Amino acid sequence: MGIPLLQVEGLRVAVEGKEILRGVDLALYPGQVHALMGPNGSGKSTLAYALMGHPKYRVTGGRILLKGEEITTATPDERARKGLFLAFQYPVAIPGVSMLNLLRTAAKAIQGQEAPAVQLRRRLRQQASLLQMDEAFLQRYVNDGFSGGEKKRAEVFQMTVLQPAVAVLDETDSGLDIDALRVVAGAINAFASPTNAILLITHYQRILRYVRPHVVHVLVDGRIVRSGGPEVAEDLEARGYQGVLEEVRRQESMKGGE
Amino acid sequence: MTTTRPQIDLGTYKYGFRDEERYVYKAKPGLSRRVVEEISDIKGEPQWMREFRLRALEIFLQKPMPTWGADLSAIDFNQIHYYVKPVERQGHTWDEVPEYIKRTFERLGIPEAERKFLAGVGAQYESEVVYHSLREDLKKKGVIFVDTDTAVREYPDLVRRFFGTVIPPADNKFAALNSAVWSGGSFIYVPPGVRVEIPLQAYFRINAEAMGQFERTLIIADEGSFVHYVEGCTAPVYSRDSLHSAVVELVAMRGARLRYTTIQNWSLNVYNLVTKRAVAYEEAVVEWIDANLGSKVTMKYPSVFLMGKGARGDILSVAFANTGQHQDAGGKAIHAAPYTSSTIISKSISKGGGRTSYRGLLKIYEGAKGAKSMVRCDALILDPFSRSDTYPSIEVEEEDVSIGHEAVVAKISEEQLFYLMSRGLPETEAMAMVVNGFIEPFVKTLPMEYAVEMNRLIELQLSGAVG
């Protein structure tokens, strides 16, 4: 399988002095979709922010590698230029900056040169129609006055335009109605390729019916307590986080007793 | 997202170059009756103007320094050269302008802009307008666009009718100073029904050290006419301070529309103390679009007096204060007639210890029924060393009015920077994008060429790089 596109080793992250992630390991190989599930407060979004390098999320241990290269201390823009992308759960509005302007500037920053305007336009149009978005949205200000669903679509849209090697999607499914969910899932599937990898962070199993993960992880209290195939998600759905958690605790206490 | 201590970096100011002084006449520093008479003599003015100046001088000497705004205590009126005449006569082609002055304006891009997108250009260097042109077709329609000294000679009736009526010398200390020693500036008259679709521009350049530039601009848009006037200004970087104190009077007659755009980019040793006021008669529209990027201290509050039914005034101002700068700016709308409307939008950005203040007045007189006004000031503070204050003042004497007022002070959000950086933009580029977005409502009112220049100036201000 070669080297992982994204590798996380023993990652510990603290926010304002409080440790949230307590040793997380992940390895996403080319062509893989991983789902990371977990209850509220388990540290899912912390992982997303830490991977992207948010300054408030301080790495206190472990490391992050992108395509084999360590990026643990890289700035967010360096990470983006190396091929990492984060679809935000709550993307912030940038009034006065059009989506088109953002994408043109981002594409230039990431690809190191300005794409010919015609080519960029064509790609934008294609991806917009794939996400069933009106092209007029390119003239709107970034996330400004967007509905919840529009924001999520716009995040996925940016991913498909910028074509990162590794995309982290932070609860992209939450707040989408079933029709929008199908459309967004379709775009994610169209984006997935043997040369990239996706980390799908979600609270619910719902989106996994449309985007099939190769590996499912369950994050509880800042640690991955279970990893496995799609059956892990189904098990979660059946028993709930509480059920899985109790089982994990049982196993741990048994281990402790040996 | 590191914050560094502010450092003076004059290197980002790209217009700081200077020419050697080769002047026809340069007044000795300091202000006196004699200096005022000298200026009047050199100009060969009519008696009424000479008397106007001398009366204004008395008022200037009597009035105390204003203490309610920015700190002006370091201005030394005795150190300033009040009049500097660079050339014998004005050119109407660039070839008639002395080579070294022409080169300066070429470096500032003026002749090129003129060829590309302007209908007329005035270029003032020190105290005098050294170049002036207006397209033939506009001349034929009766449009007048000359420097104000020429206007006093050639259009005495028009000038006497309006000069000093919108801003009398006694208005404030610096209006009095200007009235005493004024020189240059633009005079525009647009006849009834004539629309000047392409902007007219004036460019003001201070070159000498410790120089005072006191241009005087008067624009009259006659009934149903339209004109857009743009002014820009720069100066070299010196250790001794210069003073720029202009007076700008606008008159929009019934149904006229007058748009006045300023991109002020003085060097950091210029005190910029300007009085700008417009009167708008019935159904007339006046728009002040005012950007203050440069100068050490700016105090400027473009005003509109809405004198006729249905008149409208829009004031849109942008201020950027970097290290060592205080931009005290805003706007005033005075409603003195029914169904008048106004908007005052102020956007300010402070960085590196810079300070911005919004100071504004909304006044609605009794009887101005159905008046509408919206005042909004947004301040963006880019680091913990910088500062922004608002001093809004609202006086309403009429009950049947609709008023909105909103003031928002925002720190540049870490989340916005992180978001843009996560899209591959380095921190300074991300910051420039947020700031340019912030002033977008202003930039989109500019002709395209100025909009591009404006965004570039903002990036330069934020880059912190030398060169």
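Predicted model: local features only at pLDDT ≥ 70, side-chain atom pairs only at ≥ 80, totals over all residues.
The contact between the two chains draws on 21 residues from chain A and 18 residues from chain B. On the side of chain A that touches chain B, at least two residues each are supplied by helix H2 (76–82), strand S7 (94–98) and helix H3 (99–111) of chain A. H3(A) provides the largest share of that side, namely five residues. By class, the residues of chain A that touch chain B comprise 15 nonpolar, four polar and two charged.

Within chain A, helix H4 (residues 117–130) packs with helix H5 (residues 148–162), the axes being 10 Å apart and the angle about 140°. Angles over 145 degrees would count as roughly antiparallel; H4(A) and H5(A) are therefore oblique to each other. Their crossing is right-handed. From H4(A), the residues that make this contact are Arg123(A), Leu124(A), Gln127(A) and Ala128(A), while H5(A) contributes Phe157(A), Thr160(A) and Val161(A). Four of the residues in the contact of H4(A) with H5(A) are nonpolar, two are polar and one is charged.

A helix pair in chain B was examined in the same terms. Helix H9 (residues 414–421) and helix H10 (residues 427–438) of chain B have axes that come within 9 Å and cross at roughly 120°. The range of 65 to 115 degrees counts as roughly perpendicular, and H9(B) and H10(B) are therefore oblique to each other. The crossing of H9(B) and H10(B) is right-handed. On the H9(B) side, Gln416(B), Leu417(B), Leu420(B) and Met421(B) take part, and they meet Glu427(B), Ala430(B), Met431(B), Met433(B) and Val434(B) of H10(B). Seven nonpolar residues, one polar residue and one charged residue form the contact of H9(B) with H10(B).

Helix H1 of chain B, spanning residues 33–43, has a buried side and an exposed face. Val36(B), Ile39(B) and Ser40(B) are buried in H1(B). These three residues lie on the same side of H1(B), because they cover an arc of only 95° around the axis. The exposed residues Arg34(B) and Asp41(B) are carried on the face of H1(B) turned away from its buried side. Packing of the buried residues of H1(B) is against two helices of chain B, H2 (47–62) and H8 (173–181). Just after H1(B), a positive phi of about 60° is found at Gly44(B).

Conventions
Residues numbered from 1 in each chain as written. Chains lettered and ligands numbered in written order. Contact = placed C-beta atoms within 7 Å. Helix = DSSP H or I, 4+ residues; strand = E, 2+ residues; numbered from the N terminus. Nonpolar A, V, L, I, M, F, W, Y, C, P; charged D, E, K, R; others polar. Axes fitted to C-alpha atoms, helices over the stretch in contact; angles between N-to-C directions. Parallel < 35°, antiparallel > 145°, perpendicular 65-115°, else oblique. Left-handed = near helix turned anticlockwise from the far one by under 90°. Buried ≥ 20, exposed ≤ 12 C-beta atoms within 10 Å, placed from the backbone. Arc of directions from axis to C-beta.
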